[in-house]
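Let's take a walk through this one, starting with a pair of helices and ending up at the ligand.

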Amino acid sequence: MREMADQVVARCIDHIATLDRQPSCGDVDPARAGDLCRSMREAAPERGTPLDQLLDPLFRDWIPRSFTSAGPGYIAYIPGGGLYPAALADFIADATNRYTGVWQAAPALVQLEANALDWLREWMDFPPEARGLFTTGGSMAIFNAIVCARERHLGADIRAGVLYTSDQAHHSVLKSAKLAGIMPDRVRPIESDDRFRLRMDRLQEAIAADRRASLAPFAVVSSAGTTNTGAVDPLDAIADLCAREGLWHHVDGAYGAFFYLCAELRTALRGLERADSLTLDPHKGLFLPYGTGALLVRDGAALRAAHEATAAYLPAAPHPEDFYDPSQHSPELSRGFPGLRVWLAVKLYGSAAFREAIAEKRALTLDAFRRVAALPGIVVDAPPELSLFAFHLTWPGATRADEDRATNALMEQVTARGRVMVTGCTTHGRYLGRVCILNFRTHQRHVDALVDDFAASIDSIVAAETARSDRS
Ligand SMILES: *Cc1c(COP(=O)(O)O)cnc(C)c1O
């Protein structure tokens, strides 16, 4: 056992120690990746293979052929984390393999998970009666939230129910709604304003129209930081409206919720703490490895009502006011032990370290924003509300199509330089470049590289585009 673990740990440490020097995006060219994947297909092996022979191709050939999402140059999409001690927590959880689905099976271990959930609750200023669950990610958190809202407001009469969100919402909202029985014809993607925030006037009109049509508005899903541009919806105003109209307000904080720990961003996120339910994604803003999302539900009874169940072969669940029982608050019974990685990371480093890291990402973003905005040809479409900003390239005589092509080329060329990986999005009818800083390994020198690589690429792209329009 020790020998196997030593081999694995040595390779992991090598990998992590060289993240800074690995290309920000490995070779994921679809044609080459397709060939590789086809060549890897094989039947289940009849006999075993020594561990080192399995680790060789894994670390040499397969891990490098990916987005380097654990690296400091990963400024694409919404960055993830990958704190090393969380991997050790998973190792402990898997090696000891205790059953944490029900409280009675491992009361003290379940208490650690309950503590970790309670820390999230306190950080987000949710009341003591709130309860939550750890999920595999933000998508499953939203799914559970919609089920809670549906149960509370619609009961068996699902088809009349209408859910509202913005046209900037993460695609997991529509997907989760469908999984929860709310079909796409009962989801209203409300228009966003020129800052990509949900428009209150349009929301109110849509609710009124649905009531006139004898439908049953039941929930609003707002964003505390959209994936496209980082927009924060008017959370406080939506909370007021939901209170007035008797609707469930879910806040998707998968990207943005942990910025609530940052004193200077409390105002920007005001109203988040009033939500009926909140998605958090510790595998983004708490820097944990992929596989940890979380949901908080203001009224813990609503979460239990949607999930509690008994069976003759199971021990009786504890009284909910005494102890937390995971199986009474989530769809799962047997499961891994996701609470341990959260608990270990927070205990090991302390909350202050996480707050400071979040504040550092915010400060780095403001610096990157000022410097990128000052580059020739850059027009900012969305300044950073949290740690994401969006922009496009322009020059005299450029058409919308020219701008889209050039901005897309800028993202690709900067990424091809290998130091940072950036991606864009298409919204409000144009292609936008994006910068999103959230990886705990990203520091000032990576922002410097980002700005340098943008400056170098812009010059050549605009020169090429101008020559192109001169020719035509
Ligand atoms: C990442 C993200 C999600 C989905 O979360 P997963 O963890 O990827 O399932 C939902 N909403 C927003 C705003 C996100 O950034």
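**From a helix pair to the ligand**

Helix α6 packs against helix α11 (residues 300-307) at an angle of about 90°, and their axes sit 9 Å apart. That angle falls between 65 and 115 degrees, so α6 counts as roughly perpendicular to α11. Keep in mind that you're looking at a predicted model.

Who touches whom here? On the α6 side, the contact is made by Asn144, Val147, Cys148, Glu151 and Arg152. Facing them from α11 are Ala301, Ala302, Leu303, Ala305, Ala306 and His307.

Now over to the ligand. It has 14 residues around it, and the closest are Gly138, Ser139, Asp252, Asp281 and Lys284.

Some side chains reach oxygen atoms of the ligand with polar atoms. Asp281 has a polar side-chain atom 2.6 Å from a ligand oxygen, Lys284 has one at 2.8 Å from a ligand oxygen, and for Thr227 the distance to a ligand oxygen is 3.4 Å. How much of the ligand's accessible area does the protein cover? Taken on its own, the ligand has 380 Å² of it, and the protein covers 86% of that.

And here the helix we started with comes back: α6 (138-153) and α10 (282-285) are the elements that give two or more residues to the shell around the ligand. So much for the tour: α6 packs against α11 and also contributes to the ligand shell.

Conventions:
Residues are numbered from 1 along each chain as its sequence is written. This is a predicted model: local features need pLDDT of at least 70, side-chain atom pairs count only at pLDDT 80 or more; totals for chains, interfaces and linings use all residues. Side-chain values use heavy atoms; hydrogens and water are left out. A residue is near a molecule or strand if one of its heavy atoms lies within 4 Å of it. A polar contact is a pair of N or O atoms within 3.5 Å; within protein, one must be able to donate a hydrogen and the other to accept it, and residues adjacent in sequence count only if both atoms are side-chain atoms. Accessible areas come from the Shrake-Rupley method with a 1.4 Å probe; for residues, only the protein chains shown count as cover. Helices (H or I, at least four residues) and strands (E, at least two) are DSSP runs, numbered from the N terminus. Axes are lines fitted to C-alpha atoms, for helices over the stretch in contact, and angles run from 0 to 180 degrees between N-to-C directions. Angles under 35 degrees count as roughly parallel, over 145 as roughly antiparallel, 65 to 115 as roughly perpendicular and the rest as oblique. Contact means heavy atoms within 4.5 Å.
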